[in-house]
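Please look through the sequence and the model first, and then follow the points below.

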Amino acid sequence: MTNTQLRTCPWLVVLSSFIAIAASGQGSSSQVGREVAIPAHLQDGEEFTIPKLQLVQFGAQLFNAKFTVQEGAGRPMTKGTGAPISDSSSPLVFPRNFDRISSPDANSCSGCHNAPVPGAGGDRVTEVFVLAQRFDRLTFDHNDGITTRGAVDESGKLVTLENATNDRKTVGMNGSGFVEMLARQMTADLQAERDATVPGNSTQLMSKGVLFGILTHNADGTWNTSRVQGLAAPSLSTKGTTPPSLIIRPLHQAGNVVSIRQFSNNAFNHHHGMQSEERFGLNADPDGDGFTNELTVADLTAVSMYQATLSVPGRVIPNDRAVEQANLVGEAVFNKIGCAACHATLPLTSNSNPGLSGQPGWIYFEPNPYNPATGPNSPNLQLGRTNYPANYPVSAPALTVDLTSNLLPLPRLRARDELVLVPAFTDLKLHDISATSDPKTDPECEPLDQNQPAGSPGFFAGNCKFITRKLWGFYNQGGAFMHHGKFTTAREAVEAHHGEAEDSRTKFEQLSSEKQGDVIEFLKSLQVLPPGSKSLVVDEHGNPKEWPSSADSPGDER
């Protein structure tokens, strides 16, 4: 098959070959009457032997699979956190097997991640009730006095819908491989700066032009992180002379999750009751549903690779002269009033790939070298230094894919001058843009802090800090804006910027109505593109568009 044919229909070719391979290992009679989404899972080690495109396509099948009880869906005896339920006498079986708030709440990943295509974001109805999964089944029944069963939190208080959970928008995974690789490079930069700081000295932490404050190495060898900015609490944790990890956590809007793989391990159990063997153990059945090894290590590699290699978002600019001019002016104004200071385009460099020495930063690989092995939301597969099968499935050697390859879903970013510029419009840093910084009263804050131990004072103190929203592709992913998804327009989200974004919002408000409209028109162009788009900028019909055209200029004074 030619490269042209592969670029035109690679997924059809790969899917057909995978179905043929899967069918060859299954007798037809073994499937009669069986109701499962995945008739044959990958066997551990198989991820190293099958073609990469085939592995990615199997990941797509897992992402879109509507799992059933005949293959392990549901978790009768465990919470969405993976811990045992608080009341073992009330397992999560029908009619308690689904719950929209505390979950399980979906049959498939694409049940929520589907707008405008599988893998992307979701409508308001797909909102995630983060941290409600620490309850068995959230009922708000005041007669239920068992802690975290249905109505009473870890402090012994009855909960309400307003304080039991953090309401979050479902965000898209398009381009997430590039974002994770940015986070890996930035983590390595911060750790190198940390390691070069001798006792009795302080260091400015900076990566890719993003400032993360000041780290102090005390004279006695301990560490002071009080002046470090923009990192989640787990990345600042230090005890004695053990330094803080300074890991950039690009997933979850509060910066809680390190990698696509960790995110997937969490989500499969939380939302579907499908438990991965790397997280819950080989041949183990902690959820008591009669199934073991519900998702193999190879499965998790496949679904992580699928998400990492999704097409990158781009821009949709209609062939309308007024709209084109508004986009030119709007982008220039967006930059001028300071929005791009946080909503930034960052470079992936060719000289750094932590854990994969000698390879450029756009060579994605599983597993992430910073995956946590212990603590909350762990274990996760570790990067091994020896060949398979040594220490597998605890660790595994790197399995790579070039994120710039034309054989992956289009469109893609390209390397130029030893860089890949990633226009995700984020600095991957936590910011407080609330008006008052008071989680008890400010609607832009959350009642619970996801980055603190559940039930601790810090957990109940709430949170006002979120990663700078990745704007690429944000406009057509369900029409729900801000981290909570409660705004229906981008303008509402812009006008809700306070705190650290106060200056930019004030400058936006001081613009003429025409210039404000230009900024909004620019934001409207940031979309997930039709599958197979051959350009990062297309018109309203999906056709490649030269942008900016040679005749265009943002110098229109309105």
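Helix H4 (residues 176-195) has 20 residues and reaches 28 Å from its first C-alpha to its last, close to the 28 Å expected at 1.5 Å a residue, where the expected span is 1.5 Å times one less than the number of residues. The model is predicted, so local features need pLDDT of at least 70 and side-chain atom pairs count only at pLDDT 80 or more, while totals for chains, interfaces and linings use all residues. Residues are numbered from 1 along each chain as its sequence is written, and side-chain values use heavy atoms, with hydrogens and water left out.

- Helices (H or I, at least four residues) and strands (E, at least two) are DSSP runs, numbered from the N terminus.
- Because 15 of its 20 residues are buried, H4 is largely enclosed by the rest of the structure; buried means under 20% relative accessible area, exposed over 50%, and partly exposed in between, with a 1.4 Å probe and protein chains only.
- The twelve residues of helix H13 (residues 513-524) should span 16 Å at 1.5 Å a residue, which agrees with end C-alpha atoms that are 16 Å apart.
- Among the buried residues of H13 are Val519, Ile520, Phe522 and Leu523, together with Lys515 and Glu521.
- The buried residues of H13 pack against strand S6 (314-316), helix H9 (321-336), helix H11 (490-495), helix H12 (502-510) and strand S15 (526-527), contact meaning heavy atoms within 4.5 Å.

**The loop residue Asn256**

- Asn256 lies in the loop between helix H5 (233-236) and helix H6 (260-272), and it counts as buried at 9% relative accessibility.
- The side chain of Asn256 makes a polar contact of 2.9 Å with the side chain of Asn451; such a contact is a pair of N or O atoms within 3.5 Å, where within protein one must be able to donate a hydrogen and the other to accept it, and residues adjacent in sequence count only if both atoms are side-chain atoms.
- A polar atom of the Asn256 side chain also lies 3.3 Å from the backbone oxygen of Gln450.

**The loop residue Phe67**

- Phe67 is placed in the loop between helix H3 (52-64) and strand S1 (128-130), and at 4% relative accessibility it counts as buried.
- Although Phe67 and His272 are 205 residues apart in sequence, their C-alpha atoms are 7.4 Å apart in space.
- Apart from neighbours within four places in sequence, Phe67 is in contact with residues including Ala37, Leu62, Phe268 and Met274.
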